[in-house]
Amino acid sequence: MIWFLWYKQKMKIKILIFFILLTIPTNNLFGEEFNEHFDLESGNSGDYYLGENDSIITIYEYANWWGTYCNLFWYNIFPEVKEKYIDTGITKFIFRDLVWDWRDELGEAVECAGDQGKYYEYGNYLYYNPTSSTNALKQYAFNLNLNTTQFNNCLDSSKYNYEVEHDNQHSVPSATPSFVIQYKDIAKPIYTDLSIQKIGPYSKDFSYMDSQIKDFLNEQNIIIALDNLYINSNTTLYRHTYKLKDAGNDGVIIINSSNVIFDCNGSTITGDGSGYGIYIENKNNVTIKNCVVENYSYGIYLFNSSNNVLINNTFGSNSRAGVYLIADSNFNNISGNEILNNNNGVYFTNAGDCGFFEGNSNNTLTCNEISNNIIGIYSQNSKSTINSNIVCNNTNFDFNSPDWLTSSGDNNTCGNVSGWNDNGIENSCTFRCNSTKCDYDGDYYVNPMCGGTDCDDTNSSINSIAEETYYNGVDDDCNLSTNDCDQDGDGFNATFNVSLGVCNGNDCNDSNSDIRPGATEFCNKIDDNCNDIVDDNPVCLCDLNRDGMIIRDYNDLMTAYKCFLGVQKNCEPDYLNWSAVQNEYDCFTGNL
């Protein structure tokens, strides 16, 4: 390997010009399609770039599309640049032509492919298939499914000769490949010449460039998220959107010490649907805040970790759980987070796959929004305090557990629950997802809009266990089958309060179901059938003493005579009626 440094004092830039003899590795980019963009900057004819326009770092490569060292950089180092910095959203990559001879035409061909959105795809193809033939350049356009007529006309007309020459004239270095690394100014979201830094000697792989980038960021107290970022002290990320796969399935952000604060500073960390966004194992008194963690298996995973705080984070679109606590993870405070669109929003469990862990209790879940998950909150034999959360629109359940044990909570908002009741609430949560307060009168019983049995949630004396007060026009016990005007349940309303129109029935005795309209009239001196006539059954005419004997009742007949003649005193009125005495005689003789 041969390398040397070239200085241009006027611009205060130190640039590496290097020459490397390498072999093509197996992780090459041959045949890859590139997600490329075009940016027309003021005072410039525009650049095609890879990565995100708001990236933290911009790498400018000054090179040509045919050259041993340019090719070898592309084969050996660029795949790692792309994987670690470009694809993760950290780096924006821009290629600029630096040629002095016939290779101008190669740069023009790549520019012509750029007209059809394949600048880097064509350049990549050219690196793996070097040529100086114009016909071959046109054939490559055909191979890449470009509009060959448009491409050929562009190339034949030298449309981009000025563009290539412009890059040559404005290039800082004078040898290929060379690089300028430009860092985004921390105080201002713009690129400035003052932030241009240097790259030193390269080895045959990416490690030196990688270390130089990291060293500069550390000097400026800029901490960027990378896969397997170990947090050993208080750390604040540079605010950015990071696209990071958990390659080792051991966590992108790994909390490696207790008693630390990890502040994402509003950054988004997004994965590929697998692994762990943030991983904490056997660590305590850790604060995780201001993070957006999405598209992993687990947004954050706590194993045997206690007294930690998760605050003001967003955990979304994670395939297993947004927040997952397992084993002896106790006394953790999960507050003020958004936990959205996961399989499980928050998952508490005290058992691993083999079911041998114990603990996981006294965790607090407060003031979180837990919505649009499959299950909002799931608890497996854990004891938690769950207060003032909005847990809504989760597909299967908002709250779900085979046994909530001593878990409790107040003032939650939810809808579909399995076995959960807020403290002092008959069913489910204090509020429903449509903002309905479920126990307005505070009598424990929930109104029907919340799935409860309280038919009047404005009156604490009216609920499903209240004693029914009849004839007041109120369903006191909320039993829809109870008729307020039918105390004896015989199907006939009482006659009370007719003037007020409360009952207006014809049951002359609403405390006895045997006395009602249409009932059998017995000889009992009671108006059994409520027709305002006592004992109007004809049989009653033959049994003045109501002893049940109708024919040849000698005692009844003698009592009738004695009463009528005045021999016996204190007689019933019927015995003083001569017609009744005559009827009794006819009954005695069997003639009635």
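## Strands S22 and S25

In this predicted model, strand S22 (residues 333-335) runs parallel to strand S25 (residues 361-366), and three bridges join them. Strands here are DSSP runs of E with at least two residues, numbered from the N terminus. Two strands pair if DSSP finds at least two bridges between them. Across this pairing, Ile334 sits opposite Leu365 of S25.

Residues are numbered from 1 along each chain as its sequence is written. Local features need pLDDT of at least 70, side-chain atom pairs count only at pLDDT 80 or more, totals for chains, interfaces and linings use all residues, and side-chain values use heavy atoms, with hydrogens and water left out.

## Ser335

Ser335 is part of strand S22. A polar atom of its side chain lies 3.5 Å from the backbone oxygen of Thr366. Contacts (heavy atoms within 4.5 Å) also link Ser335 to Leu310, Ile311, Asn312, Thr366 and Asn368, leaving aside neighbours within four places in sequence.

## The whole sheet

The sheet is open and has seven strands. Their order is S10-S13-S16-S19-S22-S25-S28, with parallel pairing. Strand S10 (235-236) and strand S28 (383-387) are the edges; each pairs on one side only.

## Confidence

The pLDDT (the predictor's confidence in each residue, from 0 to 100) averages 78 over the protein. At least 70 is reached by 70% of the residues. Residues 1-27 fall below 50, yet this stretch has 78 contacts in the model beyond near neighbours in sequence. Residues 186-203 are also below 50, with 48 such contacts. Where pLDDT is low, the predicted coordinates should not be read in detail.

Methods:
Helix = DSSP H or I, 4+ residues; strand = E, 2+ residues; numbered from the N terminus. Polar contact = N/O pair within 3.5 Å; in protein donor to acceptor, adjacent residues only side chain to side chain.
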